Amino acid sequence: MRSPILVAAMASLVHGYAGAMPRQITENPLPAPVEKLGLEVEVQDLVRLPDTRGIRPPDLDVRPPGWARVSYLRDLPDGRRFVNDSRGFLYRLEDSGPPRVYLNFAELFPYTVYNRLLSGFVGFDFHPEFEDNGLFYTVHGEYAQDNPATPDFIPPGFSSGDVTFHNVVTEWQARDPSADRFAGTRRVVLRVAHVVETLTHPLGHAAFNPTATRGDEDYGLLYIGGTDLGFSNGAGPNANNPGQLQRLDSLVGAILRIDPRSPSFSGGEKGVGDYTIPPANAFASDGNPDTLGEIYAHGFRNAHRLSWDLTDGTMYVSDIGMNHIEEINIVRNGENYGWMAREGFFENGVGRPGGALNELYPLPREVLSGEAGDPFTYPVAVYDHDEGRAVSGGFAYHGRIEALRGKFVFGDLNNGRLFAADLEAMKEADDGVPETVAAVEEIQLYIRDGSGTREDISFAELVERANGAAVSRADLHISRGRDGELFLTSRQDGMVRMLVPDSGGATAGRR
């Protein structure tokens, strides 16, 4: 496989193709609007988490502060359902009654950062054998100042004196997996350093492939979402640093796939942290000592959510763009998704003399025609910043709602619009031709009152009604239950909502 130096060189060589240099795109890069074309889905409130305003430092990036910061819902095979409040709590949702605290995360990690939406206890997932081994995994961010812990990874070219925050992946082992409240042990699996002034684009996603079964290559392997760790637009002198991307000797911008077992237990090859490198990872078997074997795929700005199609195992990632393009990618082992050289199916201007991250250029003719070799994999669905600002996670849907079957359902974090693209069209767009993408349409949400009366409504309006005040950001997140049904949450209002077949006014309940 390619060395880190060669990958970086390839990212710069794409600007040197023969022929006239394309001119900067100064108009709308994707002029066709995302429209409502008839997809209409009912949404119902299920349960609201406790109000945690005031128990942590005040939110610095949203006003008013959110009721509770819900970002994930996870189901166990035995029917138990869990959600997090990133202010430091993991809750179990009961069939009736209020949510119950399963883990008071905050009392165990005193250096945790809580003052931004993208901070705190931000992610979790359970091992597929949790009911037997009691293992689950969490992701959170910590202050570096006065922190006695030492990072496992500091971005190349920086030292411990530059470290501002830690991104921490922790393994927990419950003594009794069936207990209503956690009691057990924990160990840090990975600690990654931030070196920009704000905790911009922290690690936040950890997930197991739900389609893998015992004996599969992927079974029991933990995926960790890829991020630029703030090097694109974090604050301070270390931000806007293209040299940190497109490296294979670095965790920056990479989705990781690890065997979370310590090598002292597994007997396998040690990674950067206290985990084992899966030998099936492309960069673990490339024969190059300069590449990091835990890298599964790379070239992402903020691949903050991963998901798998439950019918065929296709892996998707939502990658938040910079100034222009939001994208959904199909992810494969060893591939390069282009950031900072690419944004969507455009060339980013940062690699041009005098260029900048907020510039877009058409791809060179040689790339579009296939005449020139191209090291990058391109998205299968996109939208631009006329339509939203940051893509949320999404899922292939095969559940009870007929109108959504065969769709990939996702949305925009900021304005809360819910989108869909046809799954077959997305897979057909995975053809190596950069500009081939699936069409995207908007889903109209509606609610019904007790008499069955329908009211069309947006997700942002639902959040504002729950909070009793306008919000600057809807903060839409999507989760999928074990039965394939979809849930909508926000770090603004603490409500768990569910997409349901038309009810005529009946309530869906919690299961």
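Select Val43 and show its surroundings: apart from neighbours within four places in sequence, Val43 is in contact with Leu445, Tyr446, Ile447, Leu462, Leu488, Arg497, Met498 and Leu499. Contact here means heavy atoms within 4.5 Å. Val43 sits in strand β1 (residues 36-48). Helices (H or I, at least four residues) and strands (E, at least two) are DSSP runs, numbered from the N terminus. With a relative accessible area of 4%, Val43 is buried; the cut-offs are under 20% for buried, over 50% for exposed and partly exposed in between, with a 1.4 Å probe and protein chains only.

Two points on reading the model. It is a predicted model, in which local features need pLDDT of at least 70 and side-chain atom pairs count only at pLDDT 80 or more, while totals for chains, interfaces and linings use all residues. Residues are numbered from 1 along each chain as its sequence is written, and side-chain values use heavy atoms, with hydrogens and water left out.

Next, select Leu190, Leu222, Ile224 and Leu256. In the largest nonpolar core, which has 37 residues, these four touch the most other members. A nonpolar core is a set of buried Ala, Val, Leu, Ile, Met, Phe, Trp, Tyr and Cys residues joined through side-chain atoms within 4.5 Å. Two or more residues of this core come from each of β7 (135-143), β9 (184-194), β10 (206-208), β11 (222-224) and β12 (254-258). Centre on Leu256: not counting residues up to four places away in sequence, Leu256 touches Leu190, Leu222, Tyr223, Ile224, Leu251, Glu294, Ile295 and Tyr296. Another core, of 25 residues, lies apart from the largest one and includes Val41, Phe395, Leu418 and Val471.

Switch to a cartoon view and colour β10 to β13. These four strands form an open sheet in the order β10-β11-β12-β13, with antiparallel pairing. Two strands pair if DSSP finds at least two bridges between them. β10 and β13 (295-298) are the edge strands, each with a single partner, so one side of each has no neighbour in the sheet. The twist from one strand to the next averages 20°; axes are lines fitted to C-alpha atoms, for helices over the stretch in contact, and angles run from 0 to 180 degrees between N-to-C directions. β12 and β13 run antiparallel and are joined by three bridges. To see one of the bridge pairs, select Ala254 and its partner in β13, His298.

A second open sheet has the strand order β14-β15-β16-β20, again with antiparallel pairing. Its edges are β14 (303-308) and β20 (381-384); each has a single partner strand, so one side of each is left without a neighbour in the sheet. On average, neighbouring strands here are turned by 15° against each other, direction ignored. β16 (residues 325-330) pairs with β20 in the antiparallel sense over four bridges, and Glu327 has Val382 of β20 as its bridge partner.

Finish at β22 (residues 407-411), where five of five residues are buried. Lys407, Val409 and Gly411 point one way from β22, and Phe408 and Phe410 the other way. On one pairing, β21 (residues 395-397) runs antiparallel to β22 through three bridges, with Ala396 opposite Phe408. β22 is also joined to β23 (residues 418-422) by five bridges, again antiparallel, and Gly411 stands opposite Leu418. β22 and β23 form a hairpin with six residues between them; select Gly416 in the turn, which has a positive phi of about 80°.
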